[in-house]
Amino acid sequence: MAAHSTLASCEPDGRALRRQAFVDAARDAFFARGYGETTMSSIAAAVGGSKTTLWSYFPSKEELFAAVVDDIGKHFSPALTVELPLGAPVRATLQNFATAMLRTILSPPIIALHRVVTGEAQRFPELGALFYERGPRRGKERLAAFIADAMAEGRLRQGDPMVAAWQFSALCQSGCFQEILLAIQNVASEERIAKDIDAAIDTFMRAWTAE
């Protein structure tokens, strides 16, 4: 009875480890070969199991890709949890948000994920929506809520808060992020990141500061 209890208590951990092994193998395959060229059979073989076992965890390749995005999504945490207190100074809050966002999206796993999603979006448009819903949308909605409050208080001019959030995010991504995404550069210095953030904030404030 005791042996059975020990086995039962270990089983969930073993299943979790097996699931993570499939997610890790899928991530490596998606990054190396792309979504379209990766098969469930190759992922199962990489882990040393059967397709039937893999399907018991992930009934489709899309669900497996979603699990990979969620696993990598742990890197999104700083951008999704940075404090954006309502009523706080606009420039300082944008600085905090931009710093957290850029350091997040410049991480190698996020860069690799962007490349996969962008490269496969034409053939598999659902991947873009899946990726957006699990990370970028949540960050933009939090920023839009802060911007809406600043607009209501007259510190920013009236407009669509989500449009403003999209614009600020795009400004932050217009420098070193694009260079690394396109493999023009491999890394960005802290000085370069700070320069991009300052430029983004200056441009945003010129466009949205209340007159």
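A residue is buried when its relative accessible area is under 20%. The exercises below apply this to aromatic residues in a predicted model.

**Exercise 1.** Classify the aromatic pair formed by F22 and Y57, and determine which parts of the chain the pair ties together.

*Solution.* 
1. F22 has 0% relative accessibility and so counts as buried. Y57, with a relative accessible area of 17%, is buried as well.

**Exercise 2.** Determine how the rings of F204 and W208 are arranged, and where these residues lie.

*Solution.* 
1. The distance from centre to centre is 6.2 Å, with 25 degrees between the planes.
2. Planes under 30 degrees apart count as stacked, and the pair of F204 and W208 is stacked.
3. Both residues lie in helix 12 (residues 190-208); because they are four residues apart, about one helical turn separates F204 and W208.
4. F204 and W208 are both buried.

**Exercise 3.** Identify the charged residues whose ends sit over the rings of Y35 and W208.

*Solution.* 
1. Y35 forms one aromatic cluster with F30, F65 and F124.
2. Over the ring of Y35 sits the charged end of K61, 4.4 Å from the ring centre.
3. Over the ring of W208 sits the charged end of R157, at 4.0 Å from the centre.

Technical notes:
Residues numbered from 1 in each chain as written. Predicted model: local features only at pLDDT ≥ 70, side-chain atom pairs only at ≥ 80, totals over all residues. Heavy atoms only, no water. Phe/Tyr/Trp six-rings, centres within 6.5 Å; stacked < 30°, edge-to-face > 60°. Helix = DSSP H or I, 4+ residues; strand = E, 2+ residues; numbered from the N terminus. Buried < 20%, exposed > 50% of the residue type's maximum accessible area, 1.4 Å probe, protein only. Lys NZ or Arg CZ within 6 Å of the ring centre and 35° of its normal.
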